[in-house]
Amino acid sequence: MNENTLSNIKNNKADKHFLIYTWGCQMNEEDSEKLSGMLQTIGYNKTEDKEKADIIIFNTCCVRENAELKVYGNLGMLKGLKEKNPELVIAVCGCMMQQDGMGQAILKRYPFVDIIFGTHNAHKFPEYLNRVKQEGRSILEIWDKEEGIVEGIPIDRKSDMKAFVTIMYGCNNFCTYCIVPYVRGRERSRDVKDILEEIKSLVSKGYKEITLLGQNVNSYGKDLNPKISFAKLLKEVNGIEGVERIRFMTSHPKDLTDEVIDVIASCNKICNHIHLPVQSGSSRILKKMNRHYDREYYLNLVKKIKTKIPNVALTTDIIVGFPGETEEDFNDTLTLVKEVEYDSCFTFIYSKRKGTPADEMLDQIDDKIKHERFNRLIDTVNCICAKKNKEYVGKNVEVLVEGISKNDESKVSGRTTTGKLVNFIGDEYLIGHLVNVKITKSQSFSLTGKQI
Ligand code: SAH
Ligand code: SF4
Ligand code: F3S
């Protein structure tokens with residue numbers, strides 16, 4: 001896509017505004033940044049005020065049932081806005097729309113919605129916007145398959161210091177609980193050249209931290225010709241002058257190679273942090289989840305990482321209450337969490353997703369048991385994370401300052417290479433700089449320090 005494609009649609013909309021609500025992961029965040037970029041290119045302005053908006057977009061997520069419930073809850077509120085302002089254009093897009101029959105169901109239940117589109121045709125939004133105005137009726141267009149990658153879409157990034165750069169789209173793993181492969185399509189890697197150019201351009205605009213994104217970054221490049229490994233890409237990015245920090249997510253444990261671990265250990269700009277979702281500590285459940293590794297493999301991998309990358313921070317995702325999970329399986333998760341000593345964990349209660357194999361499994365777990373296990377897991381996780389944070393007290397760390405502290409205007413806040421949030425007394429001019437800080441206090445989810 002180039003600016004000319006969009007400028008054909010451009011006309012005078014200086015006083016027209018849009019508002020995008022985004023649910024879900026960084027993939028959706030990035031899509032919203034692109035929608036925002038396209039709308040600004042065709043002359044619209046951003047607003048935070050829904051009463052002022054001429055276009056409202058809901059970018060939806062369906063990874064768990066509660067993500068969908070939030071969307072339904074919020075769609076109701078739009079009815080009143082549309083009644084007040086019949087010119088308002090309401091669009092709904094994102095992963096939830098990629099599910100069979102969902103677009104039709106939304107239109108039936110919320111007939112005031114003007115445009116519905118999916119994850120594969122988001123770049124067409126400006127066209128749909130024009131059409132809906134000309135035709136005066138709702139548009140429902142969802143592509144059920146991914147096409148090639150569309151490069152060159154303008155991106156309006158949320159931060160002017162940290163940027164997410166998608167290196168690959170889609171997922172081939174089909175974990176039995178997960179809907180992502182069905183709504184995001186198969187793995188497609190972006191060309192190395194496009195990725196490096198984007199990062200160079202970000203650096204020239206003052207960006208300091210780059211996070212490489214994909215559902216499983218470790219399989220980056222397998223579909224390219226010639227093939228290139230994720231480790232090679234990391235090295236290339238590390239070589240770009242002006243990049244201060246490099247992060248990446250997510251790493252599927254089954255594909256995390258020694259080569260990647262060695263590159264993280266040897267490249268100075270790659271952060272000492274790996275997000276390594278384990279999902280369960282029970283080999284039996286991991287097999288049912290189709291994760292392609294067992295407890296022993298995972299623990300060995302962790303051992304290897306900790307040996308090669310001293311002071312590395314490990315974070316993870318865990319699901320409790322997967323079909324067939326026994327008390328013994330759940331205990332395996334608790335003991336694994338204690339053994340690995342994660343720096344932080346994202347914990348989820350298993351949620352049935354239509355169309356996934358786990359949804360059909362007959363041994364679903366009772367809600368009460370799921371919640372009870374979830375609470376026990378949280379207690380264990382919190383205890384370990386607080387202990388990990390305590391280890392920082394008295395240490396000197398390097399913090400990339402991101403902004404004024406949320407709770408105290410005399411402080412600034414930023415993150416360590418290991419991803420820890422640090423607050424310390426300091427001025428605004430530190431924003432965007434790497435600052436040495438001595439940690440004086442630890443809380444459950446953040447650290448306090450003093451500039452040295
Ligand atoms: N590609 C990434 C993350 C995908 S979604 C990965 O493989 O790690 C983020 C997290 O949501 C997953 O890691 C998993 O822990 C959780 N999740 C996915 N489907 C779920 C479901 N049906 N119920 C509960 N949690 C789920
Ligand atoms: Fe879902 Fe598994 Fe793919 Fe992650 S790797 S997006 S959990 S199917
Ligand atoms: Fe949700 Fe789609 Fe991400 S389902 S978690 S927004 S890929």
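Which residues surround ligand 2? In this predicted model, the shell of ligand 2 consists of Cys171, Asn173, Phe174, Cys175, Tyr177, Cys178, Val180, Pro181, Gln215, His252 and Arg291. By class, these residues divide into seven nonpolar, three polar and one charged.

**The open sheet and its helices**

Six strands form an open sheet in the order 2-1-3-4-5-6, and their pairing is parallel. Strand 2 (45–46) and strand 6 (139–141) each have a single partner strand, so they stand at the edges with one side lacking a neighbour in the sheet. Within the sheet, strand 1 (residues 17–22) pairs with strand 3 (residues 55–60) in the parallel sense, over five bridges. Tyrosine 21 has phenylalanine 58 of strand 3 as its bridge partner.

Helix 3 packs on this sheet and touches strand 1, strand 3 and strand 4 (89–94). The direction of helix 3 makes about 170° with that of strand 3. Helix 5 (residues 125–135) also packs on the sheet, where it touches strand 3, strand 4, strand 5 (115–117) and strand 6. The direction of helix 5 makes about 150° with that of strand 5.

**Helix pairs**

| Helix pair | Crossing angle | Axes |
|---|---|---|
| Helix 3 (residues 65–84) and helix 4 (residues 102–109) | about 30° | 12 Å apart |
| Helix 7 (residues 192–204) and helix 8 (residues 230–238) | roughly 30° | within 10 Å |
| Helix 12 (residues 327–340) and helix 14 (residues 367–390) | roughly 10° | within 10 Å |

Why is helix 3 described as roughly parallel to helix 4? The two pack at an angle of about 30°, and angles under 35 degrees count as roughly parallel; helix 3 and helix 4 are therefore placed in that class. Helix 3 passes helix 4 in a right-handed crossing. On the side of helix 3, the contact involves Glu68, Tyr72 and Leu75, which meet Met102, Ile106 and Arg109 of helix 4. The residues of this contact comprise four nonpolar, no polar and two charged.

Helix 7 and helix 8 cross at roughly 30°, which makes helix 7 roughly parallel to helix 8. The crossing of helix 7 past helix 8 is right-handed. Helix 7 contributes Val192, Ile195, Leu196 and Ile199 to the contact, while helix 8 contributes Leu233, Glu236 and Val237. By class, the contact of helix 7 with helix 8 has six nonpolar residues, no polar residues and one charged residue.

For helix 12 and helix 14, the axes cross at roughly 10°, and helix 12 is thus roughly parallel to helix 14. Helix 12 passes helix 14 in a right-handed crossing. Glu327, Phe330, Thr333, Leu334, Val337 and Lys338 of helix 12 meet Arg373, Arg376, Leu377, Thr380, Val381 and Ile384 of helix 14. This contact includes six nonpolar, two polar and four charged residues.

Five strands close into a barrel, with the order 15-16-17-19-18 and mixed pairing. From one strand to the next, the twist averages 55°. Strand 17 (residues 421–425) pairs with strand 19 (residues 447–451) in the parallel sense over three bridges. Asparagine 423 stands opposite threonine 448 of strand 19.

**Backbone features in loops**

Most residues other than glycine have a negative phi, and most peptide bonds are trans.

The peptide bond from asparagine 225 to proline 226 is cis, with omega near 0°. Proline 226 is placed in the loop between strand 10 (209–213) and helix 8. A cis peptide bond also runs from methionine 249 to threonine 250, with omega near 5°. The loop that holds threonine 250 lies between strand 11 (245–249) and helix 9 (258–266).

Where does histidine 292 lie? Histidine 292 is in the loop between helix 10 (283–288) and helix 11 (295–308). Its phi is near 65°, a positive value in a residue other than glycine.

Technical notes. Residues numbered from 1 in each chain as written. Chains lettered and ligands numbered in written order. Predicted model: local features only at pLDDT ≥ 70, side-chain atom pairs only at ≥ 80, totals over all residues. Heavy atoms only, no water. Pairing = 2+ DSSP bridges. Helix = DSSP H or I, 4+ residues; strand = E, 2+ residues; numbered from the N terminus. Axes fitted to C-alpha atoms, helices over the stretch in contact; angles between N-to-C directions. Near = heavy atom within 4 Å. Nonpolar A, V, L, I, M, F, W, Y, C, P; charged D, E, K, R; others polar. Parallel < 35°, antiparallel > 145°, perpendicular 65-115°, else oblique. Left-handed = near helix turned anticlockwise from the far one by under 90°. Contact = heavy atoms within 4.5 Å.
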